[in-house]
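Keep the sequence and the model in view.

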Amino acid sequence: MTSNTDRERSKAGALQVKGEILTIRRAGDYYVIVFAAPGVAQRTRPGHFAAVAVGGQPTAMLLRRSFSIHQVDTAGALGGTVEIVVDAHGAGTKWLVERKPGDSIDVIAPLGRPFSLPKDPVSTILVGGGYGSAPLFMLADRLRERGCRVDLVLGAATASKLFGVVDGRRRASALHVTTDDGSMGTKGRVTAVLDRILDDYDGQVIYGCGPMPMLSAIAEIAQNRGIASQTAVEEAMACGVGVCMTCVLPVRGTDGITRMVRSCTDGPVFFGEDVRWSDVGTVPTDCLGAPIAQPESSK
Ligand SMILES: Cc1cc2nc3c(=O)[nH]c(=O)nc-3n(C[C@H](O)[C@H](O)[C@H](O)COP(=O)(O)OP(=O)(O)OC[C@H]3O[C@@H](n4cnc5c(N)ncnc54)[C@H](O)[C@@H]3O)c2cc1C
Ligand code: FES
């Protein structure tokens, strides 16, 4: 079962590369950027992310922006290409999508711990919220190569915020779509269809990437059924490489002790049952190293 497999890490560490942008295309509300990244594609596993420098030089935007790696291609003369999916909303992502083919971007990748793959050909369900579906297509390919059934569930607030519907039909055993406003697929959240799919296909593992409330709901459904879930979290990041502790969240270890762990290096993929979802954004008092409350009299 998935929880017993070793985490597949990249074959070697992350690289810092100057990647030439090859194409930028619209996909609904998102942009798909393809760039050359020599050596990165070969090291990438589903669930890895890339940290991209934004703003050019000089810039006040000191921090890199993180993006799940959507696709890689190891063929061709460029030493491999990488695709990311960008939701342009703040200064950094807007700068990125305004680049032109031929421009170069500074990228560190692949980063983080990727999804684990099951040893046996089990039935799996992949759930992506909005651009959170980006890393799930590579994952679907790897799972199907291992003989797994792959049900892909794509959800978003509205149709234009879905990513990968056409591709999903081709890559998964079956595609299920939900939108909050009913503009495509089943009206409602992804959780509205999960129980039925789990029942119909005897789902053994749920993989999720998307907003934290969605991941928390997936983890709860999996736990209630006694099956595994793996969730790729999106905590705000600063350095992306394990130095600054910006991205910590409370996670239970195999010893039952909760620690504040870095989602950039210990994640972004965690087993759903290990994350203390309702305590994310806090340091729980029972967490290892949490500050001990001083009695009033000693202050
Ligand atoms: C592991 C991981 C994978 C991600 N994958 C994708 C993806 O595939 N596609 C995509 O569009 N976005 C993705 N994001 C979110 C993306 O990193 C942020 O939207 C982006 O950093 C925002 O930068 P900005 O300058 O446009 O926005 P601003 O809001 O101006 O950002 C200001 C600062 O806050 C940080 N920040 C703001 N929002 C987020 C956020 N949601 N997550 C992390 N840091 C944030 C930025 O790094 C920056 O330092 C991912 C985040 C993480 C952590
Ligand atoms: S973002 Fe700096 S430690 Fe994770």
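The paragraphs below go from domains to ligand, sheets, core and backbone.

This is a predicted model, in which local features need pLDDT of at least 70, side-chain atom pairs count only at pLDDT 80 or more, and totals for chains, interfaces and linings use all residues. Residues are numbered from 1 along each chain as its sequence is written, while chains are lettered from A and ligands numbered from 1 in the order in which they are written.

Start with the domains. The chain is divided into domain 1 (2–111), domain 2 (115–232) and domain 3 (238–287); such bounds come from an automatic or database domain assignment. Between the C-alpha centres of domain 1 and domain 2 there are 23 Å. Contact here asks that two C-beta atoms, placed from the backbone, lie within 7 Å. By that test, 17 residues of domain 1 meet 21 residues of domain 2. On the domain 1 side, S4 gives the most, with four residues. That side holds five nonpolar, eight polar and four charged residues. The classes are simple: Ala, Val, Leu, Ile, Met, Phe, Trp, Tyr, Cys and Pro are nonpolar, Asp, Glu, Lys and Arg are charged, and the others, Gly among them, are polar. Helices (H or I, at least four residues) and strands (E, at least two) are DSSP runs, numbered from the N terminus.

Strand S4 returns at ligand 1. It supplies the largest share of the shell around ligand 1, four residues. S4, strand S5 (81–86) and helix H2 (91–97) each give at least two residues to that shell. A residue is near a molecule if its C-beta atom, placed from the backbone, lies within 6 Å of it. Of the 22 residues around ligand 1, Arg65, Asp87, Gly90, Gly92 and Thr93 come nearest. The shell has 12 nonpolar, six polar and four charged residues.

Now follow the strands. Pairing requires at least two DSSP bridges between two strands. Strand S1 (residues 15–27) and S2 run antiparallel, joined by six bridges. Across that pair, isoleucine 21 stands opposite phenylalanine 35 in S2. Their hairpin has two residues between the strands, and glycine 28 there takes a positive phi near 60°. S2 also pairs with S5, again antiparallel over six bridges. Tyrosine 31 has valine 86 of S5 as its bridge partner.

Is strand S2 enclosed or open? Six of the seven residues of S2 (residues 30–36) are buried, so the strand is largely enclosed by the rest of the structure. Buried means 20 or more other C-beta atoms within 10 Å of a residue's own, exposed means 12 or fewer, and partly exposed lies in between, with C-beta atoms placed from the backbone.

Another sheet is open and has seven strands, in the order S10-S9-S8-S7-S11-S12-S15, with mixed pairing. Strand S10 (186–187) and strand S15 (269–271) stand at the edges with a single partner strand each, so one side of each has no neighbour in the sheet. S15 pairs antiparallel with strand S12 (residues 228–232) over three bridges. Here glutamine 230 faces phenylalanine 271 in S15.

The largest nonpolar core has 78 residues, and Ala50, Val82, Ala109, Leu126 and Val153 have the most contacts inside it. Such a core is a set of buried Ala, Val, Leu, Ile, Met, Phe, Trp, Tyr and Cys residues joined through C-beta atoms within 7 Å. Leaving out residues up to four places away in sequence, valine 153 touches Ile125, Leu126, Val127, His176, Val190, Val193, Leu194 and Ile197. In helix H3 (residues 136–145), Leu136, Phe137, Met138, Leu139, Ala140 and Leu143 are buried. Their cover includes strand S4 (65–73), strand S7 (123–129), strand S8 (149–156), helix H4 (165–171) and strand S11 (205–209). Just after H3, glycine 147 has a positive phi of about 85°.

Finish with the backbone. Most residues other than glycine have a negative phi, and most peptide bonds are trans. Alanine 109 and proline 110 are joined by a cis peptide bond, with omega about -5°. Glycine 267 and proline 268 are also joined by a cis bond, with omega about 10°. Aspartate 202 has a positive phi near 50° and lies in the loop between helix H5 (191–201) and S11. It counts as exposed, with 11 C-beta neighbours inside 10 Å. Methionine 245 has a positive phi near 70°, and is exposed, with 12 other C-beta atoms within 10 Å.
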